[in-house]
Amino acid sequence: MAKILVTGGCGYIGSHTIVDLIENGYDVISADNNSRSNPAILYGVEQITGKKVKNYKVDLCSFDDTHAIFQENEDIEGIIHFAAYKAVGESVEKPLMYFENNLNSLINLLKCVQEFDVPYFVFSSSCTVYGNPESIPVTESTPIKPAESPYGWSKQMSETIIQEFAKNSSCNNILLRYFNPAGAHPSVAIGEMPLGRPQNLVPAITQTAIGRISKMMVFGNDYSTRDGSCIRDFIHVSDLAHAHTLALQFLENKNNNTNCEVFNLGTGNGVTVLEAILAFEKVSGQKLNYEIGSRRAGDVVAIYANNDLAKNVLGWNPAYTLDDIMDTAWKWELKLKADETVFGVINKGLN
Ligand code: WQD
C-alpha cells in the first residue's frame, strides 16, 4: 500500500483528499502545524474511512523538522503539498508572511524529495496564477499575467520553482490549478473550518446565514460582468479531492509525458458572486443578509476553467453542482453549530 504524505492534511482540501486517498487504497500521513487548521478534522476523516491518520504537527518552514518526517517514513512514495496560506485579501496586507511561508515550506519539501528520492509530487496551485486573464475560460496554456495579489505571486513563484526543480530531478510532478473550492463532504463529517472571520465567499455566506456573522459584504458590483459582481468557478471540494487521487494514479501508471504537468481543476462554469448567493438562498431557504461594499484589493474580475485536459487526460469528471456545494456547505455549518462540543475549540476561535 503506497504511503502518501499530505501536507496541510488537517486543512479543508487536505482532509477531503485524505478521505479520497484512503478510499482508493493509499496509506496516508499528514504534516500540518495547525496554524490555520484544527486536528479535530481527522476525527471526521476516521468517521468516514475508519482509519486513524497520524498528523506530524510540524512547521514545514523548519528544514530539520520537515527532514525528520522523511527519516521516520523512508517509505513515502508520494507527496501532495497543500500546506500554504491562501487568502487573497490577507496576502495583500501581509505579503512577506505569504512569501516566507509558502516558498520556504515548498523548498524544504523539495530538498527532502531530492534526498529521499520521492517519485511523485503533486502541488496545490491555483487559478490565481493566471492573474486577470485576457480571455476566459482559461486553459493550461492561457498566458500567465501578473498576479493580482501576493498570494497569486507566491503560487506563480512556487510553480516556477517546481518546474526548474523538475528539469534536474527524477521526481514526477503535477501542478493542479484549483478554481474556487467550496462545499463539504456529502457525509457532512468534514468540511471547511476557517479560523476567525472567513475570507472565502461560501463560508462567509453560511456563517452569515447561521448568524455567526451579522451581515456580509459583497465586495463590489461595479465590475464589467453580467450583474456587476465578480465571476468565479466554484468546484466541490470532494470533486477536487478525487482529482488528486487521479493525478497520483496518472503518475504511478507513468502516463505523464513530462515530469511537470499542469491541470486546471474547475467545473468550466462561471458563476457571479450574486448568483452564488441566490443559489444558496434557493437551496437553504435562508434569506441572506448582505450589502454591496467596495471592491476588495487583489480580486480578479472574472475567471473560470476550461477543464478539458483534466477530463480527457486524468479521466476526471466533476459530479457535484453549485446547488450541491451550497447544500453541503449549509448542512456542515448547521452541524458545526450543533456539535459545538466536538469542535468547541474551533468555534471559540470564530467571531
Ligand atoms: C471569491 C469572490 C470576492 C468573500 C480563492 C481562494 C484561493 C484560490 C482561488 C485555491 C471574490 C467575493 C468573498 C466575501 C465577497 N483557491 N467575496 N464577500 O479570492 O477567488 O480565491 O479561490 O487555491 O486560495 O482564496 O475566493 O472566496 O475569497 O472570493 O464578495 O465575504 O467572492 O470579492 O469576488 P478568491 P474568495
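Colleague: How many residues of domain 1 are in contact with how many residues of domain 2?

Modeller: In this predicted model, 35 residues of domain 1 are in contact with 33 residues of domain 2.

Colleague: What area is buried between domain 1 and domain 2, and what share do carbon and sulfur atoms give?

Modeller: The buried area is about 2,900 Å². Carbon and sulfur atoms give 75% of that area.

Colleague: Which parts of the chain belong to each domain?

Modeller: The domain assignment gives 3–185 + 234–265 as domain 1, and domain 2 is 201–231 + 269–343. The centres of the two domains, taken over C-alpha atoms, are separated by 22 Å.

Colleague: How many residues surround the ligand, and which are the closest?

Modeller: The ligand is surrounded by 22 residues. The closest are Tyr151, Leu201, Met217, Arg232 and Asp299.

Colleague: What is the shell like by class?

Modeller: The shell around the ligand has 13 nonpolar residues, 5 polar residues and 4 charged residues.

Colleague: Which side-chain atoms are found by the oxygen atoms of the ligand?

Modeller: In the side chain of asparagine 180, an N or O atom is 3.0 Å from an oxygen atom of the ligand. For the side chain of serine 126, the corresponding distance from an N or O atom to a ligand oxygen is 3.5 Å.

Colleague: And what about the backbone of glutamine 199?

Modeller: A backbone N or O atom of glutamine 199 is 3.2 Å from an oxygen atom of the ligand. On its own, the ligand has 680 Å² of accessible area, and the protein covers 94% of that area.

Colleague: Which elements give two or more residues to the shell?

Modeller: Those elements are the strands β5 (120–126), β7 (180–182) and β8 (216–219), together with the helix α7 (201–209). Strand β8 provides the largest share, with 4 residues.

Colleague: A change of topic: where is aspartate 222 found?

Modeller: Aspartate 222 is in the loop between β8 and β9 (231–232).

Colleague: Which residues does it touch, leaving out those up to four places away in sequence?

Modeller: Aspartate 222 touches Gly228 and Arg295. Its side chain makes a polar contact of 2.9 Å with the side chain of arginine 295. In sequence, aspartate 222 and arginine 295 are 73 residues apart, while their C-alpha atoms are 8.3 Å apart in space.

Colleague: Finally, the backbone. Is the peptide bond from isoleucine 136 to proline 137 cis or trans?

Modeller: That bond is cis, with omega near 0°. Proline 137 is in the loop between β5 and α6 (150–167).

Colleague: What is the phi of asparagine 34?

Modeller: Asparagine 34 has a positive phi of about 60°, although this residue is not a glycine. Asparagine 34 is in the loop between β2 (27–31) and α2 (41–49).

Key:
Residues numbered from 1 in each chain as written. Predicted model: local features only at pLDDT ≥ 70, side-chain atom pairs only at ≥ 80, totals over all residues. Heavy atoms only, no water. Near = heavy atom within 4 Å. Polar contact = N/O pair within 3.5 Å; in protein donor to acceptor, adjacent residues only side chain to side chain. Areas by Shrake-Rupley, 256 points an atom, 1.4 Å probe, with all protein chains shown as cover. Nonpolar A, V, L, I, M, F, W, Y, C, P; charged D, E, K, R; others polar. Domains from an automatic or database assignment. Contact = heavy atoms within 4.5 Å. Buried area = accessible area lost by both parts, 1.4 Å probe.
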